[in-house]
Every structure is written in C-alpha cells, then in structure tokens.
There are 2 protein chains.
Amino acid sequence: MARKQGSHSDITGPKVREAALRLIARHGYAAVSMRQIAAEVGVQAGALYNYTPDKQSLLFDLMHDHMSALLAAWSNVDTAGPALLRLQAFTGFHIRFHLPRADQVFVSYMELRNLNPENFAVIESLRHRYEDALEDILRAGEAEGVFAVADTRVTTMAVIAMLTGLSNWYRHDGRLETDVIEAIYWDLVRKAVTA
Amino acid sequence: MARKQGSHSDITGPKVREAALRLIARHGYAAVSMRQIAAEVGVQAGALYNYTPDKQSLLFDLMHDHMSALLAAWSNVDTAGPALLRLQAFTGFHIRFHLPRADQVFVSYMELRNLNPENFAVIESLRHRYEDALEDILRAGEAEGVFAVADTRVTTMAVIAMLTGLSNWYRHDGRLETDVIEAIYWDLVRKAVTA
DNA sequence: CATTTAACTGAACGCCTGTTCATTTGCCAA
DNA sequence: TTGGCAAATGAACAGGCGTTCAGTTAAATG
C-alpha cells in the first residue's frame, strides 16, 4: 500500500511538526531519529521529506516559528505609558506566552547548539530583539528615575533568565495558577529594579 | 601497535573525562560519539572502556561529580548569622562556584533528559538539596522579618534560575569582572526579597 | 468515469553507532 | 634480564542513521 485513507498535506504537515516538537523537547534533537518522528505521525520516514528538506530545517522551523510568534505577540502588546506599567506588561506577557508553550521554550533554549551556523545566527538575532524590548523598558525607567539598577544589560539578562526558568519547573497540574505565578514574579521583578 | 609511550591510567582517565565534558557541553550527549571522545584523548574507542563501563555512566559521573563538588563546597561556607548575610554568602558562592565551570553547568542542566531514570533520580535529589539550602535561608529571613516574598518556593526557583542563567551568557573575556557581576546580582537578589 | 496528481511505501544507499574481545605492546617489579 | 600485568589496538558485531527514489495508491479534477 502507499497513500493512506484521508491523508492530506494539510493534516500530515502539522502532525509532523507537532510530533517533532514533542519528541525533540522530550529527548533532544540528536537523540530523535526521523524514523521515530515518522512512527509518531503514522507514516514511513521517507514521507517526512514531503514536509521538510532535511532534519536540520525541521528543527530550525520549529525554533523560528516560536521566536516569530513571540515577537509578533509582543508587538501587539501596548508599549506606551510609564516604564513601571510597561515592565509589568512585559512580565505578564512573558509568563502568559511561555507557560502554555513548554515544549517550544524547551526546544528553543536547549537546541541552539544543534543549529548550523547560519540558522543559529537567525534565531540568535530574533532572541536579541526580544531581549532588547526589555532593555528598552529598563532604560526608560532609569530615565524616569523610577528604576535603579547597577547594570542595565546584566539586569535584562537576569530578569529574562528568571522568567524563562519558570518553564523548567512549572506544572499545569501543580499548586499554583497562572495568575498567582504572574503576581509572584511581578513582585520579584518590580522590587528588584525599582529605585 | 597497542600501548603507547607514557600512557597510564592516571593520565588517560582524567583526559577521558575532560574530553567528554568539553565535547558534551559543546555538542550535547547524544550528538557526541565515543569515537569522537576517544579521538580527542588520542586513543581508540575501545580504550575508553577501561575508564567507564558505558557512555551513560560517563555522563552520570560528570554530572554527579559536579553536583557533589557543589554541595561539598557549599558545606564549607559559613551558614551562621543573620539571613541577609547568609543570602549574600549564597549568592556570592553560587556565582564564584559556577562562573569558572561553564561546561559543567551546561552539561548538568542540559543533559538531565539523557540520564536514565535511576541516574536522573540521583542527580535530581542532589539538585534539590542545593535548592533547599537557599529556601532555608529565605524562610529564616521571613522569620526574622527582613525578607518578604509572596511565595518562598517560587522565589527560590526564581533566584536560582536568575543566578544560573548567568553561565549562559557570561564571557570571561567580556566587559565585566567576576566581582562586578557578583555585586550586580547581589543588588538584584537583595532588593527582590527584602521587606 | 477516466486521468492526473499528491501522498506515501519500502527498499536501498553508505556511513556511523556503542560495545566486545583477542591480541599486541610497553612499563614496572623481581 | 625476565616475566607479569596494565593499557592500549583494531577488527568485528548487530543495528540504527539521514536521505533518496522508483513504484504504488488514494484523492482531486475534468
């Protein structure tokens, strides 16, 4: 047999990406084979090459889509107003965007070293743009006099690490709702940077 | 030819572990082959099995040694006195211990999913003990009334993520000396948790 | 209903994987 | 100087890897 009942690229395509994301998040890019991904989808390995030119592109696309979606979503958040409100918006946005996307976050932060140099440069520049969004807010707050940090760039990295680290241990069936988490982290971030 | 000039287990053993650590930190456990490690050491792949029963044990030993060294070093730090001083000691210790060990940190935090279940449980419990050290300090500070955090466990995880994230971007040839970094992070941590 | 086309199979390609082991070599102690 | 042992070699094992492609089948088109 060859083509299966009900098969269609609009169905199989997304399934390939979902399976790849889940498996790579679980076991890592190098540890997951194209045959494993294919088995998860329910096809033979060769069929995957209708949807990606190669394994590397599959990883890159997953990471690129995540970063693009992140930046697109952030661009829809209101960034006017006083720095304190902007920082609160950033903190809340970051948590609400990342918490439901544990697999994407995991892959995007753990598999950087498995990107080839060109792909790495692309992802790195997207990540940099996101970091800069936070850094801009911190600088604005310093200009306003409401923030006081020893080093703006270091603080940017520290805050992002703190927020992103959340994805490594947060469990949706755990003790704390998203709203509560958001409040706790906003408390920490606000106190850490305000004058 | 077989045995090489000057070869000795006291020399080759450490070299195997150093090569494995460097390569795994760079490319990931699954992406590094025993033959690559052997080539780095300057022996054939079979010779590695004089120093490790298998590849999995090699990874586990690297991570176990790192966590053991971390806990041993922490146990030598004075943990008496007021909570604020203890927290400062923890922050400084964490940074000074981790900054010169970028490869170990990378491997210990990125390769957890490549440990088999038994090995994972061991490493996880060591990590937990380290987290608890910080949590104890935070609770002591709350009892003293000098700290005020919304949730102690979440704050513990947030602070550790912030501190550990430093290893992901810090460069020894960069703009900032260790002392400066330490001061910046202490400023952030102190403000975030104090009442 | 006939034809085209998109989707998939299954086998094959050359190469790499972790691990084992008989064999060889070089160092050290007697 | 000679034996014993530690420390390697290098070939082999069975299996998995990413990727390609001629052939087959189901769905879409006219």
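Reader: How many residues are in contact between the two chains?

Author: In this predicted model, 36 residues of chain A are in contact with 36 residues of chain B.

Reader: And how much area do they bury between them?

Author: The two chains bury about 2,800 Å² between them, and 63% of that lies on carbon and sulfur atoms. In chain A, the residues that lose the most area to chain B are A:Arg113, A:Val154 and A:Lys191, which together account for 25% of what that side buries.

Reader: What about salt bridges, how many are found across the interface?

Author: The rule finds four salt bridges across the interface of chain A and chain B. One of them joins A:Arg175 to B:Asp151, with the closest N and O atoms 2.8 Å apart.

Reader: Which elements give two or more residues to chain A's side?

Author: They are helix H1 (9-27), helix H5 (102-110), helix H7 (152-169) and helix H8 (178-193) of chain A. H7(A) gives the most, with nine residues. By class, the side of chain A that touches chain B has 22 nonpolar, six polar and eight charged residues.

Reader: Changing topic: what rotation superposes chain A on chain B?

Author: A rotation of 180° does so, with 0.0 Å of shift along its axis and an RMSD of 0.0 Å. That is the relation of a two-fold axis.

Reader: Why can one say that the copies meet through the same surface?

Author: Because 100% of the interface residues of chain A are interface residues in chain B as well.

Note on methods. Residues numbered from 1 in each chain as written. Chains lettered and ligands numbered in written order. Predicted model: local features only at pLDDT ≥ 70, side-chain atom pairs only at ≥ 80, totals over all residues. Heavy atoms only, no water. Contact = heavy atoms within 4.5 Å. Buried area = accessible area lost by both parts, 1.4 Å probe. Salt bridge = Lys/Arg side-chain N within 4 Å of Asp/Glu carboxyl O. Helix = DSSP H or I, 4+ residues; strand = E, 2+ residues; numbered from the N terminus. Nonpolar A, V, L, I, M, F, W, Y, C, P; charged D, E, K, R; others polar. Least-squares fit on C-alpha atoms with pLDDT ≥ 70 in both.
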